[in-house]
Amino acid sequence: MAHEDSPRRRKSLLRKVVDSRILLLMCAPAIVFFVVFNYAPLPGIWIAFTNFNYRDGIFGSPFVGFKNFEFLFKSGQLWMLTRNTILYNLAFIILGNILQIAIAIMLNEIRLKFFRKISQGVMFLPFFISAVLVGVIAFNLLNYDTGALNALIKQTGGDPIKIYSTAGLWPIIIIMVHLWQSTGYGSIVYFAAIMGIDKGLYEAAAIDGASAWQRIRHVTLPSLKPTFIILVLFSLGGIMHGNFGLFWNLVGNNAALFQTTDIIETSVYRMVLSQNNFTTSTAVGLYQSLFGFALVMIANGIVRRINKDYALF
Amino acid sequence: MHSSDAKTARTMVEAVSVEAGKSSNATPRRRRAIKLDTGDLVLQAFSYLTVGLFAVFCLLPFVMMLSASLSSEAEIRRSGFGLFPKDFTLAAYQYIFNAPQQIIGSYVVTVVMTVTGTAIGLFVIAMTGYALNRKDFPFRDHVSFFIYFTTLFSAGLAPTFLWVARVLDLRGSYLAVFLQLLMTPWLIILMKNFMRTVPYEIVESGKVDGAGDFRIFAQLCLPMMKPALATIGLFLALSYWNEWYLSSLYLGSTVEFKPLQYHLYNLINTANALRNSVAGSNVSITDLPTNTLKMASAIVATGPILLLYPFVQRYFVSGIAIGAVKG
């Protein structure tokens with residue numbers, strides 16, 4: 001983002017405002033929107049340092065310093081939530097990107113256009129549905145009495161599994177559902193990157209007698225590397241933020257599974273909505289925001305070093 | 001869009017425009033030519049098979065949901081859900097359409113919100129994206145950062161909830177849902193990147209002709225932005241149509257007609273909601289075809305998306321690809 005050239009910079013602020021008043025007005029609705037819904041709630045973070053009650057309000061409630069955070073650290077709850085959030089996101093990022101690249105490369109190998117279009121469309125479909133519907137689908141597949149999976153197990157003579165009370169199964173289930181829902185969408189980005197690769201490279205490879213595998217190994221994959229690194233780095237920057245809709249609709253209030261499924265978002269949602277616990281939830285939220293902010297800054301710093309153009313700021 | 005998406009927002013658009021030339025230092029090592037045709041054929045066969053199987057894996061749950069909604073409850077209770085309808089019947093749909101007030105009310109709420117929200121949101125996003133892409137706009141960096149910062153640091157759920165529900169007093173109002181979905185930083189940045197595809201000469205020629213900034217936007221740029229408007233409009237429409245989260249926070253059970261997906265959410269998660277949705281509360285829960293009814297409700301609530309999908313998905317794909325490559 002280049003600075004304005006010097007004659008412009010000498011203009012007074014008022015002059016600039018007057019000159020660009022129409023453009024400023026065009027931005028105004030968006031600015032008002034973010035002020036009202038994103039900036040105005042920020043002072044409410046103070047709740048994290050108080051023993052909040054409705055009667056005294058945010059700034060009248062007794063100040064307790066870092067007590068709320070102390071409790072969270074000592075109870076071990078914060079550690080569990082952080083661990084679950086980060087581990088799930090790591091799995092999503094690693095497996096997700098590998099699968100997306102693999103699918104994108106294979107889509108590129110497919111010569112029948114209608115086959116490619118249709119399979120691409122079908123793989124993209126799960127991205128379109130609501131998280132609620134994902135929950136319905138999970139119920140259809142996994143519930144104890146009538147779930148399709150248990151029906152299959154019973155047909156083959158096995159004993160049905162109580163999936164909704166077996167915490168150990170859920171990391172696999174949640175990762176599978178995530179991959180089911182996001183691979184088609186994610187592979188579009190990589191597929192677009194493959195389309196952008198200079199065809200001359202493939203021709204040169206063919207002349208050199210490269211096999212199909214060598215073509216992928218030495219042309220396609222190296223060309224995808226910058227896209228891959230930057231996507232992964234930014235996903236790592238967002239590793240403290242979980243996909244609330246997915247986790248809530250798969251697990252919800254099922255306490256038997258929390259040990260392996262509760263992430264920061266689901267825990268905060270429960271505190272706010274069913275326990276009216278605003279102090280702890282604000283404290284967890286602030287911890288998440290600060291930690292997440294630091295991670296984005298680090299990720300952005302690394303991207304900046306690799307290639308300035310791709311950095312966010 | 002979820003907030004974590006915003007982090008990759010610009011990345012998705014910009015990172016992809018990687019010049020393939022950069023990888024030219026990775027020219028393939030010379031190897032003895034193995035039988036080129038066989039390798040190609042194996043790879044192709046493998047690709048068709050894997051992609052085909054993965055596509056089936058993506059589609060299967062939808063087929064099973066549809067089959068379940070067309071099965072008889074007794075048969076489902078006996079042998080569970082499966083791939084094909086068991087003892088085909090439309091009973092579950094009859095239950096829904098015997099007392100359709102709830103579902104019709106929810107449809108009206110969702111359709112009205114989706115149409116107006118997408119129209120207004122798209123207009124504001126396009127306007128903002130246009131202004132932020134104007135090189136001669138002295139505040140473009142400031143405004144961009146002001147918008148982008150909201151994805152870096154947020155107050156979190158609890159303070160936002162207290163602010164919107166208590167101070168703005170929007171609890172129990174559709175506005176709490178409608179307003180908060182109007183725009184996201186991610187969509188504004190995407191729009192701004194799309195706007196780069198409009199040559200700056202267009203703006204200049206407009207200026208020479210004496211058109212104001214707003215007229216240049218509305219009459220010269222917007223008509224050129226159709227692919228971007230289609231893509232971003234679809235993202236917006238989808239977030240309105242699929243909305244259940246804000247409804248669960250701010251509407252709860254205060255409104256008679258819940259947005260469609262939140263209505264479905266309640267049907268799935270509370271037995272009473274399922275009973276109330278089909279008839280008066282005098283129907284015993286044990287008599288209800290609960291399993292098939294849930295599936296039929298899901299199909300009714302998702303139907304339009306599934307029907308429209310084949311026609312709109314190409315806008316998503318091409319939109320993302322264009323935004324990505326030209327970004």
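Mentor: A residue is buried if 20 or more other C-beta atoms lie within 10 Å of its own, exposed if 12 or fewer, and partly exposed in between, with C-beta atoms placed from the backbone. This is a predicted model, in which local features need pLDDT of at least 70 and side-chain atom pairs count only at pLDDT 80 or more, while totals for chains, interfaces and linings use all residues. Residues are numbered from 1 along each chain as its sequence is written, and chains are lettered from A and ligands numbered from 1 in the order in which they are written.

Trainee: Which residues of helix 12 of chain B are buried?

Mentor: Helices (H or I, at least four residues) and strands (E, at least two) are DSSP runs, numbered from the N terminus. Helix 12 of chain B covers residues 213-221. Its buried residues are B:Asp213, B:Ile216, B:Phe217 and B:Cys221.

Trainee: Within what arc do the buried residues of helix 12 of chain B fall?

Mentor: An α-helix has 3.6 residues a turn, so residues three or four places apart point the same way. The arc is that of the directions from the helix axis to the C-beta atoms. The buried residues of helix 12 of chain B line one face of the helix, because seen down its axis they fall within an arc of 100°.

Trainee: Which helix of chain A do the buried residues of helix 12 of chain B pack against?

Mentor: Packing is judged by contact (C-beta atoms, placed from the backbone, within 7 Å). Within chain B, the partners are helix 6 (101-133) and helix 11 (200-208). From chain A, the partner is helix 3 (21-39).

Trainee: How many residues of chain B are in contact with chain A, and which helix of chain B gives the most?

Mentor: On the chain A side 105 residues take part, and on the chain B side 108. One helix of chain B gives 19 residues to its side, the most of any, and that is helix 3 of chain B.

Trainee: How many residues on that side of chain B are nonpolar?

Mentor: Ala, Val, Leu, Ile, Met, Phe, Trp, Tyr, Cys and Pro count as nonpolar, Asp, Glu, Lys and Arg as charged, and the others, Gly among them, as polar. The side of chain B that touches chain A has 13 charged and 30 polar residues. Its nonpolar residues number 65.

Trainee: What distance separates the domain centres in chain B?

Mentor: Domain bounds come from an automatic or database domain assignment. That assignment gives domain 1 (35-89) and domain 2 (93-326) in chain B. Taken over C-alpha atoms, their centres are separated by 31 Å.

Trainee: How many residues does each domain of chain B bring to the contact between them?

Mentor: The contact draws on both domains of chain B. Domain 1 of chain B brings eight residues, and domain 2 of chain B brings seven.

Trainee: Which residues of the largest nonpolar core touch the most other members?

Mentor: A nonpolar core is a set of buried Ala, Val, Leu, Ile, Met, Phe, Trp, Tyr and Cys residues joined through C-beta atoms within 7 Å. The largest has 151 residues. Those touching the most other members are B:Ile125, B:Leu187, B:Met191 and B:Ile232.

Trainee: Which helix supplies the largest share of this core?

Mentor: The largest share comes to ten residues. They come from residues 170-195 of chain A, which form helix 10.

Trainee: What does B:Leu187 touch, not counting residues up to four places away in sequence?

Mentor: B:Leu187 is one of the core residues that touch the most other members. With that sequence exclusion, B:Leu187 touches B:Ile125, B:Ile232, B:Phe235 and B:Leu236.

Trainee: What is the phi of B:Asp169?

Mentor: B:Asp169 lies in the loop between helix 8 (157-167) and helix 9 (174-180) of chain B. With 10 C-beta neighbours inside 10 Å, B:Asp169 counts as exposed. Although B:Asp169 is not a glycine, its phi is positive, at about 60°.

Definitions and conventions
Two residues are in contact if their C-beta atoms, placed from the backbone, lie within 7 Å.
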